[in-house]
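Please open the structure in your viewer and keep the selection tool at hand.

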Amino acid sequence: MEILFVRHGKTEWNNEKKMQGNVDIPLSNEGIEHAKVMAEKLQNYKIDVAFCSPLNRAVETMEIINNSRENKIPIIIDEALTERDYGLYEGRNKMAFNYDIMWDYSNQLNTEGFFRFAWPIIHFIFGKLLRAYKDKNVLIISHGGVSKIFEMILSKNSLYPDELAKYLPNNSEIITYRNINENDFVFNVNEANKVENNRRQILEILTPNKISLIFPNLKIEDLIDVNNISKSPKIRYRACIIFAREDGNIAIETYKNTRECKLPARTIEPTKNILNQVREILLQMTGYLGDISDFCNIGETLEIRPSDPVAEIVCTQIYYISKAIVVGEPMPDNKDEIEGFKLNFYLPKEAISLMHKSLLETKGIQGEFYRPLITKKSIALRDKLILDFWYNGNKT
C-alpha cells in the first residue's frame, strides 16, 4: 500500500499568515499555479482512489490534479479530513496564536479537545483506509492539521506535542507513506521529527503501529476490531508508581488469571489533587504510606488503542518514590482479587526481564477475563518502557 498525502494549494490567507481552520477560503492564483506543478508530478503515479476534505481549497486542489490526468481518479469526500476548527482564532494572524498550547495533548486541559479533532481522523485511518483500501494506492487531499495526525499515527516515531506543533507540510507538498516489511499498517518515518527522550515530558506514545513494529507478523485485524471503534474516544486518566524499597526492590503487580504484570496503578480524576490520589494508590496496592512531598513525577505515557471496550485513549502519569513506610497489607478490590492479584518485589533488572517476558507471551484473553490483544500488548509494552526509561536513567 502507498498513501500520498497532499496538503491543499496556497490561499490568500496562507500568504497573509491568517488562521483558516473551517473557514472556506478558495485557492489563490499562486496556489492554483503551484497545485498545477504538483499535479504534474503525480501524473505518472498509479492512484486507485482519492479521499478529499470537503473544504473548497482541498476540492479545488483535487480538481486540478484530476484535470491533469487522462485517467481520472475516483474521489470520495470525507468529513473526517476537514481542518481543525480554531474558533475565535480563525481569521487572526498566526503570530498571535500559540501552536504549542493548541497541540499540547499532554496538557490534561487540552487532551479531550485535541482528541475531539484527532479521533475522527484516527477512526478514518483504522476503520476505513487501512481496512478497505490496504491493497490500493491512495491519495489524500487535506490540510496541515490533518497531516499532523497522519504523521502521529502512521510514522514509526509518533509526533510528540513539541513536534506536533511545529510539523507542517508546505502547501501542495506530497508526503509519501509506504509499507514497511509488507505489514499492512506500518509506514515510513520522517527521522527529522525524532527527539531524544530527555527532551520530552512524555516518555512514549504507544500506537498500534508501534506495537506491530515489535510484532511484525500482526495485522490490523489482529489488533483492532474495526467494527467497534467508537465514534468519539473513551479516555482514561491513570497514575502509575515506581516504588523502590530501601533494599532496591521495586513493587510489581501480577495477575494470575489475566496473566498481566504491571506497575501499581489506578484510574485518577485529573481535576482533583493528583498527588493525594497517587498516595492513596500506593497505600491501597502495596500497604506502604508515602509523604506527598516525596513523590516525583517523571513523565507520562499516551496509549492510542482503537476498539478497546474500556478506554481507547489512556493517559498515564508516572511517579517515583523511594521513601515510604509499611502500615498494612495491600487492599486490592474485588475485581483485582478475581483476576488473581498478587504484590511482588523484584530487583529492577528482574522486573524488566519479567515485563519483557510478559510482552512476548501475552495474548488476547477471551471469556471471563476478556482483554483485546491491543490492550494486552499495549499494557505490557507501556510498563516495560517505563521501567527501561527509569532504570537506564538511575542505574549509574
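Please bear in mind throughout that the model is predicted.

**Stop 1: aromatic rings**

The structure holds 12 aromatic pairs. A pair of aromatic rings is described by the distance of the centres and the angle of the planes. Select Phe51 and Phe124 to begin. Their ring centres are 5.1 Å apart and their planes stand at 80°, so this pair is edge-to-face. Which parts of the chain does the pair link? Phe51 belongs to strand β2 (residues 49–52), whereas Phe124 belongs to helix α5 (residues 108–132). The two residues are 73 residues apart, and the pair thus links distant parts of the chain. Both Phe51 and Phe124 are buried.

Tyr133 is placed in the loop between α5 and β4 (137–142) and Phe51 in strand β2, so the pair ties together parts that are 82 residues apart in sequence. Is Phe51 buried or exposed? Phe51 has 0% relative accessibility and therefore counts as buried, the limit being under 20%.

Next, select Trp103, Tyr105, Phe114, Phe115 and Phe117 together. These five residues form one aromatic cluster.

**Stop 2: charged ends over rings**

The charged end of Lys148 sits over the ring of Trp103, at 5.1 Å from the ring centre. Then select Arg92 and Tyr89. Here the charged end of Arg92 sits over the ring of Tyr89, and the distance to the ring centre is 5.5 Å.

**Stop 3: a nonpolar patch**

Select Leu289, Ile325 and Val327, and display the surface. These residues form a nonpolar patch on the surface, and together they have about 260 Å² of accessible area. Ile325 is part of strand β14 (residues 324–326). Its relative accessible area is 56%, and Ile325 is exposed because the limit for that class is over 50%.

**Stop 4: salt bridges**

How many salt bridges does the structure hold? There are 20 salt bridges in the structure. Three of them are shown here.

- Select Glu16 and Lys18. They form a salt bridge whose closest N and O atoms are 3.3 Å apart. Glu16 counts as partly exposed at 39% relative accessibility, and Lys18 is partly exposed with a relative accessible area of 26%.
- Select Glu260 and Lys262. Their side chains meet in a salt bridge at 3.3 Å, N to O. Glu260 counts as buried at 5% relative accessibility, and Lys262 counts as buried at 15%.
- Select Arg305 and Asp308. The closest N and O atoms of this salt bridge are 3.0 Å apart. Arg305 is buried with a relative accessible area of 4%, and Asp308 counts as buried at 2% relative accessibility.

Salt bridges that share partners join Glu303, Arg305, Asp308, Arg382 and Asp383 into one network.

**Stop 5: cysteines**

A disulfide is a covalent bond between the sulfur atoms of two cysteines. A search of the whole structure finds 0 disulfides. Cys261 counts as buried at 6% relative accessibility.

Cys296 is in no disulfide, and the nearest cysteine sulfur, that of Cys240, is 13 Å away. Cys296 is partly exposed, with a relative accessible area of 39%.

**Stop 6: positive phi angles**

Most residues other than glycine have a negative phi. Select Arg259, a residue other than glycine that has a positive phi near 55°. Arg259 is located in the loop between β8 (250–255) and β9 (260–262), and it is exposed with a relative accessible area of 56%.

Finally, select Ser307. Although Ser307 is not a glycine, it has a positive phi of about 80°. Ser307 is found in the loop between β12 (296–304) and β13 (313–321). At 10% relative accessibility, Ser307 counts as buried.

Note on methods: Residues are numbered from 1 along each chain as its sequence is written. This is a predicted model: local features need pLDDT of at least 70, side-chain atom pairs count only at pLDDT 80 or more; totals for chains, interfaces and linings use all residues. Side-chain values use heavy atoms; hydrogens and water are left out. Rings of Phe, Tyr and Trp (its six-membered ring) pair if their centres lie within 6.5 Å; planes under 30 degrees apart count as stacked, over 60 as edge-to-face and the rest as tilted. Helices (H or I, at least four residues) and strands (E, at least two) are DSSP runs, numbered from the N terminus. Buried means under 20% relative accessible area, exposed over 50%, partly exposed in between (1.4 Å probe, protein chains only). A charge sits over a ring if NZ of Lys or CZ of Arg is within 6 Å of the ring centre and within 35 degrees of the ring normal. Patches are made of residues with over 30% relative accessible area and no salt bridge: like charges are joined within 9 Å, nonpolar side chains (Val, Leu, Ile, Met, Phe, Trp, Tyr) within 5 Å. Accessible areas come from the Shrake-Rupley method with a 1.4 Å probe; for residues, only the protein chains shown count as cover. A salt bridge is a side-chain nitrogen of Lys or Arg within 4 Å of a carboxyl oxygen of Asp or Glu. A disulfide is a pair of cysteine sulfur atoms within 2.5 Å.
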